[in-house]
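Please walk through this structure step by step. Keep the sequence and the 3D view open side by side.

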Amino acid sequence: MILGALEAGGTKMVCAVGNEKGEIFEQISIPTRTPETTVPEMISYFKEKKVEALGIGCFGPIDPDRNSKTYGYITSTPKLAWADYNIVGAFEEALGCPVGFDTDVNGSVLGEVTFGQAKGKSCVIYITIGTGVGAGIYIEGKLLHGMLHPEAGHVLIQKRSSDTFEGTCPYHRNCLEGLAAGPAIKARWGQDAVALKDRQEVWDLEAYYIAQALTGYILTLSPELIILGGGVMHQLQLFPMIRGYVTEMLNGYLKTEELSDMDCYIVPASLNDNQGIMGCLELGRRAKEELG
Ligand code: ADP
Ligand code: ZN
């Protein structure tokens with residue numbers, strides 16, 4: 001089956017063609033401008049490849065509820081050109097094939113569950129820490145939506161008393177995204193995260209904040225596996241620090257096999273940064289199966 005995959009991001013649109021085995025045949029990246037300029041370019045790409053279905057993993061907030069009037073829309077995004085835009089409708093109409101739709105992070109967790117290290121597990125969280133922070137949640141074998149979809153990057157975090165940085169999130173200030181996403185690191189320390197690699201205090205604070213969020217997710221959702229991806233998590237020294245803080249914060253309260261092996265419980269993404277696009281292939285496959 002020839003499947004199209006679109007990972008729609010705030011800065012770039014990654015379009016790929018592949019199959020139901022998660023094999024990616026080719027991919028391109030287009031800067032995210034406006035729907036009027038960017039969408040026709042993507043449509044002609046997928047048309048030319050004769051895709052039989054398309055899966056879209058999209059920045060949000062979005063409406064993923066098939067029974068809603070605004071299903072398939074990007075809704076209240078701060079990227080104003082894309083607010084209230086019917087992205088699914090645009091592709092369905094132009095390509096005439098089934099289109100699957102979910103958040104970018106639900107796409108990533110689906111990629112890991114279908115093709116990666118989370119295969120066979122039924123409760124998995126994928127968290128991206130990049131320009132923003134988001135979490136895809138696969139629970140009891142299903143992608144979690146609830147009333148909208150999780151926005152777990154915005155959970156509130158208790159600041160260290162020595163941290164005087166006020167936080168970048170215009171809604172909450174001291175949420176995980178506001179304190180720990182790439183732009184927050186840059187604003188707090190005055191340099192790009194990449195350039196701060198050797199500054200121990202930067203990553204210690206980062207790990208402390210990420211661990212608070214993970215502890216909350218663990219206690220609420222009881223995941224079997226936690227996967228951390230996104231640009232900031234390329235700083236692999238964060239992993240042992242995060243595991244250490246989570247262990248400290250849980251303080252022995254939960255005793256499970258998973259938590260007794262933290263190195264295998266809180267892990268980096270496993271698919272060479274292709275988890276998102278591979279998850280979109282699976283969203284496309286599922287749309288084909290469900291909608292014909
Ligand atoms: P996006 O979230 O836009 O899809 P990324 O996941 O690559 O893209 O996140 C970009 C953010 O991650 C930027 O703020 C950047 O500073 C940060 N970043 C990218 N690479 C690294 C790295 N190797 N180490 C630390 N931070 C990084
Ligand atoms: Zn926030």
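Predicted model: local features only at pLDDT ≥ 70, side-chain atom pairs only at ≥ 80, totals over all residues.

Residues are numbered from 1 along each chain as its sequence is written, chains are lettered from A and ligands numbered from 1 in the order in which they are written, and side-chain values use heavy atoms, with hydrogens and water left out.

Start with ligand 1. Its surroundings include Thr11, Gly130, Thr131, Gly231, His234 and Gln235. A residue is near a molecule if one of its heavy atoms lies within 4 Å of it. The shell residues divide into four nonpolar, eight polar and no charged. Here Ala, Val, Leu, Ile, Met, Phe, Trp, Tyr, Cys and Pro count as nonpolar, Asp, Glu, Lys and Arg as charged, and the others, Gly among them, as polar.

Next come the polar contacts of the ligand (pairs of N or O atoms within 3.5 Å). A side-chain N or O atom of threonine 131 is 2.6 Å from an oxygen atom of ligand 1. Glycine 231 uses a backbone N or O atom, which lies 2.8 Å from an oxygen atom of ligand 1. Glutamine 235 has a side-chain N or O atom 2.7 Å from a nitrogen atom of ligand 1. The protein covers 65% of the 560 Å² of accessible area that ligand 1 has on its own. Such areas come from the Shrake-Rupley method with a 1.4 Å probe.

Now turn to the helices. Helices (H or I, at least four residues) and strands (E, at least two) are DSSP runs, numbered from the N terminus. In helix α2 (residues 87–95), the buried residues are Ile87, Val88, Gly89, Ala90, Phe91 and Leu95. Buried means under 20% relative accessible area, exposed over 50%, and partly exposed in between (1.4 Å probe, protein chains only). What covers the buried residues of α2? The cover includes β1 (3–8), α1 (35–48), β4, β5, β6 (85–86) and β7 (99–103). Just after α2, glycine 96 has a positive phi of about 60°.

Helix α3 covers residues 104–115. Its twelve residues reach 16 Å from first C-alpha to last, close to the 16 Å expected at 1.5 Å a residue. That expected span is 1.5 Å times one less than the number of residues. Ten of the twelve residues are buried, so α3 is largely enclosed by the rest of the structure. Among them are Val105, Leu110, Glu112 and Phe115.

Last, the loops. Asparagine 19 sits between β2 (12–18) and β3 (24–31). Is asparagine 19 buried or exposed? Asparagine 19 is buried, with a relative accessible area of 8%. Its side chain reaches the backbone nitrogen of lysine 21 at 2.9 Å. Leaving aside neighbours within four places in sequence, asparagine 19 is in contact (heavy atoms within 4.5 Å) with Met1, Leu3, Phe25 and Leu281.

Proline 61 lies in the loop between β4 (53–58) and β5 (73–74). A cis peptide bond joins it to glycine 60, with omega about 0°.

Arginine 173 is in the loop between β10 (142–143) and α4 (176–180). Its phi is near 60°, a positive value in a residue other than glycine. Arginine 173 is partly exposed, at 38% relative accessibility. Aspartate 273 lies between β12 (266–268) and α9 (275–291). Aspartate 273 has a positive phi of about 65°, although it is not a glycine. Its relative accessible area is 47%, so aspartate 273 counts as partly exposed.

How values were computed: Polar contact = N/O pair within 3.5 Å; in protein donor to acceptor, adjacent residues only side chain to side chain.
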